[in-house]
Amino acid sequence: MNGPPAADAPRPSFPERWTRLLRAHGSALHPRKIDALGSRTADLVLSGRADQAAADLVNAHFTDPEMLVQAVELLRFTGFQDPDPVGAFAAGWATSLRERTLVQQESIRTAADTARHEVERALHASEARFQAVFEHAAIGIGVGSLDGEILAANRSLLEMFGARLDDLRGRRVTDLVHPEDTPEVWDSYEQLVAGERDNFQCDKPYYRQDGEVVWTHLTVSLIRDEDGRPRYQVAMMEDITDRYRLQERLHHQATHDPLTGLPNRAAFFERLEDLLATAPPGSRFGLCYVDLDRFKIVNDSLGHAAGDQLLIEVAGRLSGALVPQGHLVARLGGDEFVVLLERCRGEHDAVAAARTVLSALQEPIRIDGHQLAVGASVGVLERPVGTITPGAAVRAADLTLYRAKEAGGARWTLYDARTNAESVGRYTISVRMPLALERGEFFLEYQPLCALSDGSLAAVEALVRWRHPLLGVLGPDEFVPAAEETGIILPLGRWVLEQACAQAADWQRRFGPLAPQLNVNITARQARSKGLLADVGRILAETGLEPSLLQLELTESSALEPRDESLRVLQGVVDKGVTLCVDDFGTGWSNLAHLRDLPLTGLKLSSAFIGDPASQDAASGVSWRIVSGLVSLADSLGLTLTAEGVETPDTAERLRSLGCDWGQGWLFGRPAAPEALEALILARADKSVN
Amino acid sequence: MHGQRWSPSWIDFETPNAARVYDYYLGGSHNFEADRQMARRAVEIWPDLPKIMQANRAFLRRSVQYLAGEGFTRFLDIGSGIPTVGPVHEIAREVQPEARVVYVDRDPVAVAHSLAMLSDDPLSRVVHADLTDPEELLAQPDVAALLDGGAPVALLLVAVLHFVPDEAQPHRLVARLRDALPPGSALVLCHACREGRPDQVGPHQDIYARTRTPLTMRGCEEIAAFFDGFRLVDPGVVYLTQWRPDSPDAVGPAPERLAGLVGVGRLESEQAPP
């Protein structure tokens, strides 16, 4: 359809249609601006400058190719004759769009370059900051490759090592070993460079360039790249040499004897405990307990200063002779020393060490112009680890030493289990017991005696225990015989009586008729002592205990002689209302005359007679017949018979059926603190109701 | 040390960037091949995108014109990108010839481009800062100077909050900025909305997930909540073309298809009511 538009048709003008096209296309521009743009560019087309119109549209962001299609169509349909604007418009559009694209691409490239430079500058500044942090940090920092090459080290680290960078760079981290490194340090290091761990910390010594040692608190970290692959290791270290030396000095002071410089008692026990806890099974160790033979004479005659000089000299000789062999020499106190053999192949090794001790002290020691032949005694113990505790080992060595002393000194004695057992009580008692009593190391436990007829509580026996600081809790069997021998039993026995009566009186006050009878053991020495009668009287008066609630147990083997002084003492006790019984009846060569002469109320049958009722062997059968006979004996004399060592219900039943009155043993209760007995006491109420 | 950048931001031309992709949607050439590849893929899935960006740009123009008409002379445009098509200072100055604009973006290329473009404009400033660190943003001298002096400031958060993930607590960020505004200030907001085109949420977010600016389209209520503390200007929170259209027919059919929710809110002025 050619030709100009018909005059009569209400057809919109070209500028109107042109502007409508722009509007329909859409733009962020305000509609008024689109109208203005439309009429301006329509005028340009009409005035033959279609290329400029295209340029203006592109600059106003009308850049969609769809827009070009519509514009070209409109120009063609409008039917311009000369010049035809379609070509000019399309060419102008293309030229402008190309220009615009190039300009914009250049501007965004420039912006990107600027930004990149800015980032690089910032990176550089940041790097410089990190460099400054690295260089001026107060802690030492070193960077190494994964194969251990030292790549960089900061100023603090160089100062710590007293080195220049060139001294360290290129060296291997693994060259920096020190004999005092713990094995874990290098294990951790291997794991770190293998990427198995990300960091570790430890205290580690290094050799400085001048050969001195610097102690450091070291932290090593693994540095990974963006993909998590290990790349570098960074070590940060703090100089802790001063702190370490101080610690070392304090530790040395705490573990060494200030006079001789030898490890002290605490250090020795620490080492021994560690050895016994960590040595592989089957390995053996040895102890030589050393005591100077004539030290006291030196001290008393030449004075303490000379005594100290002597100890210093002895310490020097012992450590000079034994430390090179790998043994530990410690001073336990006074003139007592100990040698610890950590790896012993047998008794001969321990004996060899003891001989070395003796020969080291053989030459007289010269002090202040005196030639002092001191000599020593040595107790030797050699045992497999795992068979003995540290305390028991030292006690055994000490007792073995005691035997060497008793034999006249200047010799060694080898540990022997049997002889040791005999001397243990005597020795420990004589040395420590008075002090132990003073320090309150003794305490009482109570064991129930129960009626076999119904199991109800009949009496409690007070049993003394010794909480020995080194040996642990000792039972009466372990120390009473020795106490008896030395006479220390008298104050101890008095103390036991006081304590037990006070406890029984407390029960009497609180439980009234339910309170049980109290049995207290009396040794022969106590029985013979005139003081006993007075003690019993005083204690009953002081505690308010009903005398009939107190029963004294005499050990039959206490060997009472006829017309013994003790008979009068015991008769006096009984006259006060206290009762008597014989303990462990049947264990000694029973003097049946006692049954006639002593004012007895009861017998306690030794557990040796109480066998297993199920046993079929002949000895067991005889035992039971003896028990049966004793039951008749006690019955006919009007004595209460108590069986000791009752452990099973079957035994209790057999004893009951034979007519035995009371039982004592684990079946009814072990020795325990007094509070533990109170439930049994209260249970008597139920039994008495039934 | 506050505001000191410890490590510089990174420039990566291999990864598409939201500002340059936006420029491509609008027909510009301020972009690189990576941006164009992503934009082409996005348009293939959602052909309305160029129209949406145009509508977004038109809303920015109408809201700035409106506020300039209300007497605003200070504008803080956060997430300004590459503002070649109708930049805020040009629009505002048609009404307020002395209008001051501070453009803020976190993309160093957008910042460098804006600086080059505005180098001879004495009343415009360009600041490199990140919306997700409002303390540092507010501490920038040009931002602080704009907020200082008590004159109301128009805070523009146009098509930027949907680039702030939930972990960055966008509502807390907006509240922090609100508290820094002088009395009588305004918030201009445009945010991609899930309800407009629920079918597009998944695919569109997937495309942006691989960029340094992942997209989070939010629900209407979440978007309206950004105006907490503001009094909404008529017509409230509406779809892009529904906000004060230039003419009734400019709204177009199905405005929700454009998926952008917009609104303008005002803070109370300090003057006590009579």
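Predicted model: local features only at pLDDT ≥ 70, side-chain atom pairs only at ≥ 80, totals over all residues.
**Ground rules.** I kept in mind that local features need pLDDT of at least 70 and side-chain atom pairs count only at pLDDT 80 or more, whereas totals for chains, interfaces and linings use all residues. Residues are numbered from 1 along each chain as its sequence is written, while chains are lettered from A and ligands numbered from 1 in the order in which they are written.

**Chain A overall.** I looked up the secondary structure of chain A and found 24 helices and 21 strands, taken as DSSP runs numbered from the N terminus (H or I of at least four residues for helices, E of at least two for strands). Of its 690 residues, 33% count as buried, that is, with 20 or more other C-beta atoms within 10 Å of their own, the C-beta atoms being placed from the backbone. I then took contacts (C-beta atoms, placed from the backbone, within 7 Å), and among those in chain A between residues at least 6 apart in sequence, 62% join residues at least 24 apart.

**Where the chains meet.** I noted 25 residues of chain A in contact with 28 residues of chain B. On the chain A side, H5(A) gives the most, with 17 residues. By class, that side has 9 nonpolar, 12 polar and 4 charged residues, with Ala, Val, Leu, Ile, Met, Phe, Trp, Tyr, Cys and Pro counted as nonpolar, Asp, Glu, Lys and Arg as charged, and the others, Gly among them, as polar.

**H5(A) against H5(B).** Helix H5 of chain A (residues 85-136) packs with helix H5 of chain B (residues 108-117) at an angle of about 115 degrees, their axes 8 Å apart; axes are lines fitted to C-alpha atoms over the stretch in contact, and angles run from 0 to 180 degrees between N-to-C directions. The residues that meet include Thr110(A), Ala111(A) and Thr114(A) in H5(A), and Val109(B), Ala112(B) and His113(B) in H5(B). I counted this contact as 10 nonpolar, 4 polar and 1 charged residues.

**Inside chain B.** I found H2(B) (residues 33-45) packed with H9(B) (residues 198-209) at about 175 degrees, with axes 10 Å apart, and the two are therefore roughly antiparallel (over 145 degrees). Met38(B), Arg41(B), Ala42(B) and Ile45(B) of H2(B) meet Pro203(B), His204(B) and Ile207(B) of H9(B).

**H3(B).** I noted that 16 of the 21 residues of H3(B) are buried, so this helix is largely enclosed by the rest of the structure. Gly71(B), which follows H3(B), has a positive phi near 105 degrees.

Technical notes
Contact = placed C-beta atoms within 7 Å. Parallel < 35°, antiparallel > 145°, perpendicular 65-115°, else oblique. Buried ≥ 20, exposed ≤ 12 C-beta atoms within 10 Å, placed from the backbone.
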